[in-house]
Amino acid sequence: MQNRLLLSAVVALLSLPKAQAQQQALYLNPNQPLSARVNDLISKLTLEEKVAQMLDQSAPVQRLNIPAYSWWNEALHGVGRSGPATVFPQAIGLAATFDDDLAQREANAISDEARAMYNAAIAQNHYVKYGGLTFWTPNINIFRDPRWGRGQETYGEDPYLTSRMGVAFVKGLQGNDPKYLKVAACAKHYAVHSGPEKLRHEFNAEASPQDLRETYLPAFHALVKANVEAVMCAYNSTNGEPCCGNTFLLQDVLRKEWGFRGHVVSDCGALDDLYQGHKVVKTQTEAAVLALQRGVNLNCGDTYTALVGAVKQGMLKETQLDSSLAVLLRTRFKLGLFDPKGTTPYDKIPTSVINSPAHRQLAKEVALKSVVLLKNNGVLPLRNDLGKYFVTGPNATSVDALLGNYYGVNGQMTTILEGLVASVQPGSQIEYKQGMLLDRPNVNPIDWTTGEAKVTDATIVVMGITGLLEGEEGESIASAHAGDRLDYNLPQNQIDFLRKLRKDNKHPIVAVVTGGSPMNLAEVHELADAVVLAWYPGEEGGSAVADIIFGKASPSGKLPITFPKSLDQLPAYESYGMKGRTYRYLEAEPMYPFGYGLSYAKFEYPSLKLSAKKVAKNKPVDVEATVTNTGKMEGEEVVQLYVTHQAQPGVQIPLYALKSFKRVKLQPGASTTVKFTLTPEMLARINEKGESIAPSGPVKVWVGGSLPTQRSQDLGAAKAAAAILAVR
């Protein structure tokens, strides 16, 4: 026993100097100033070690006890590409809730799970790809064209809605500790990026000063003001310069004008495009130098390996590299990655939070509020005690139809069929046959499905698209256009099948449509008695859809993007000018307008009052609108405020512009007053030079439950209340 004690004492003494040295290193002392710690660490690194820290998969520095670190992690609608996690509805579905408080709660749950996963992984010494705390989320690009397969990742076509939802998501991810980040969020893809996917490595997106400041940049500015930790530069060029080497975007606007202090990361492989796609330089080394000098701190890829040679060849000063690395390393320090275990308030988040009952319930809440009821001729809600239900369609049992892209997984995914079956009362029958394939005709001509539907009390057909047909370049394996949807129609076999279901069938047919982008639903609208847009509704999607169909909840989602009648109504896909695009500039009548969505409740807007009918250019004005539920069922309404500036010949002015929104819940017969404040900034418009200017004439103010157009009313939305404001 004495020998064992003596041996332990000797081992402790031998290890003491090394431990003391580590404790004395300034960069390891959490009580030292952040900048001093960063500079101290950089001073201890060799040139090769510095460069290795600027790659998305950062190498370990064993002599300094610095482990490997993966900068590349995803959390678009739940922790993605990692361990089991809560799978929330796809981002476009979250946007359809028009609920930024809900967005922040979702992001808070995601970041809790991310920390819990990280804590568990490092306890087992696992430092693997997609395992860090820097998440390349959210995607705040503008969904300007329904052909873009990645539009599902965004918050839709409106810069104000995108800003509100994006800021809330960043706050939920990063937490509110004054010293430490829970996780680091990233605003992507900066900037003017939304397809075509196939051309993104060489494409030049041209945008006018007005379109830049009015449409493409506001959400990025809002997230920078909300202290987002990272910004990702896009693959494409903008106005002639690659985004990851763009002086105007990265230096003039992001750093100087907006004062961004976080780090800039390249999209993956985007620095290779500087010499292989855009061809603005000839070699990898030149690309690395250009990107670093223009402001890219982190390279997703391996282009920055050439920085070692660039410094040795005199193409770049090591002090320049040090300055860029210092910006990047600040993020790791703010995450507490160089501090003793237990230092941050997030080190003890337990794994029990991962896909916990509370998080599953939150996922269902998001899904419920995201569902958009596009049509209802009175068949919904269905009773759940009918004699027989028939469920069919390619997406009824599809897990892909729940996921979208950039998804996580877990062992408890509730498909739409499962949700429906669980909701039907004992004594009722429910039968399922797939009936049709997703995107091609059935090989077997025998049809046992449409005949069954004709003798059923109600048929629910689950159709639409999945991530097999839309998404990112390389991921959508059934897409002929690198994830984009250049054909606006649903697969023809689905329409043919729906026609057969409808023929000689007088019983209700409910179409549940999955997908992440606008699509031609004209025939679906005509053939089905009700059309329910479920998006990619996540792990509780089946339960949420069932609750909507059987009336346990009233639908309250609103479209965050316009559904045109056809692509013929839109400019060319490659055109980035806003004329003719989105609800703000589309003069043609759409199939479904922005902001539209029906409810089982019935909302009316009997009055609108302004605090002043005339206001000075630098003064705000208060807006009060009364909302009444004249229906027979409780419901939530998204109250939307739009403004319309006076048209001027030859001047590009939006037809409508969303300026605020609020969710309200009303019992049958109840009314409430919803209050907004229109600030001078909100009342201003952007001119052709990209400048914010005060209105030069009267401004029409609208408050309603949808875009205030005749098309909205024709589809069943309430007429918006309106008032005229004179700005002096």
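Which residue in strand 19 does valine 643 stand opposite? The legends below describe close-up views of a predicted model.

**View 1. Valine 643 stands opposite alanine 657, a residue of strand 19.** Strand 18 covers residues 635-645 and is joined to strand 19 by 9 bridges. The two strands run antiparallel. Strands of a sheet pair through backbone hydrogen bonds, in either a parallel or an antiparallel way.

**View 2. Five strands form an open sheet in the order 16-24-23-18-19.** The pairing in this sheet is mixed. Its edge strands are strand 16 (614-615) and strand 19 (657-666), each of which pairs on one side only.

**View 3. Helix 14 spans residues 357-370 and is mostly covered.** From its first C-alpha to its last, the helix of 14 residues reaches 20 Å, close to the 20 Å expected at 1.5 Å a residue. Of its 14 residues, 10 are buried. Among them are His359, Arg360, Leu362, Lys364 and Val366, and the buried residues also include Ala367, Leu368 and Ser370.

**View 4. Arginine 360 and glutamate 540 meet through their side chains in a salt bridge, at 2.7 Å from N to O.** Arginine 360 belongs to helix 14, while glutamate 540 sits in the loop between strand 14 (530-535) and helix 20 (541-549), so the pair ties together parts that are 180 residues apart in sequence. Both arginine 360 and glutamate 540 are buried.

**View 5. A salt bridge joins the side chains of lysine 388 and glutamate 452, at 3.6 Å from N to O.** This pair links distant parts of the chain, 64 residues apart: lysine 388 is in strand 10 (residues 388-392) and glutamate 452 in helix 17 (residues 450-454). Lysine 388 has a relative accessible area of 16% and is buried. Glutamate 452, with a relative accessible area of 24%, is partly exposed.

**View 6. The side chains of arginine 63 and glutamate 49 form a salt bridge of 2.6 Å, N to O.** The relative accessibility of arginine 63 is 47%, so arginine 63 counts as partly exposed. Glutamate 49 counts as buried because its relative accessibility is 18%.

**View 7. A network of salt bridges links Arg150, Glu153, Glu197, Arg200, Glu472 and Glu473.** In the whole structure, a search finds 41 salt bridges.

Technical notes
Residues numbered from 1 in each chain as written. Predicted model: local features only at pLDDT ≥ 70, side-chain atom pairs only at ≥ 80, totals over all residues. Heavy atoms only, no water. Helix = DSSP H or I, 4+ residues; strand = E, 2+ residues; numbered from the N terminus. Expected span 1.5 Å × (residues − 1). Buried < 20%, exposed > 50% of the residue type's maximum accessible area, 1.4 Å probe, protein only. Pairing = 2+ DSSP bridges. Salt bridge = Lys/Arg side-chain N within 4 Å of Asp/Glu carboxyl O.
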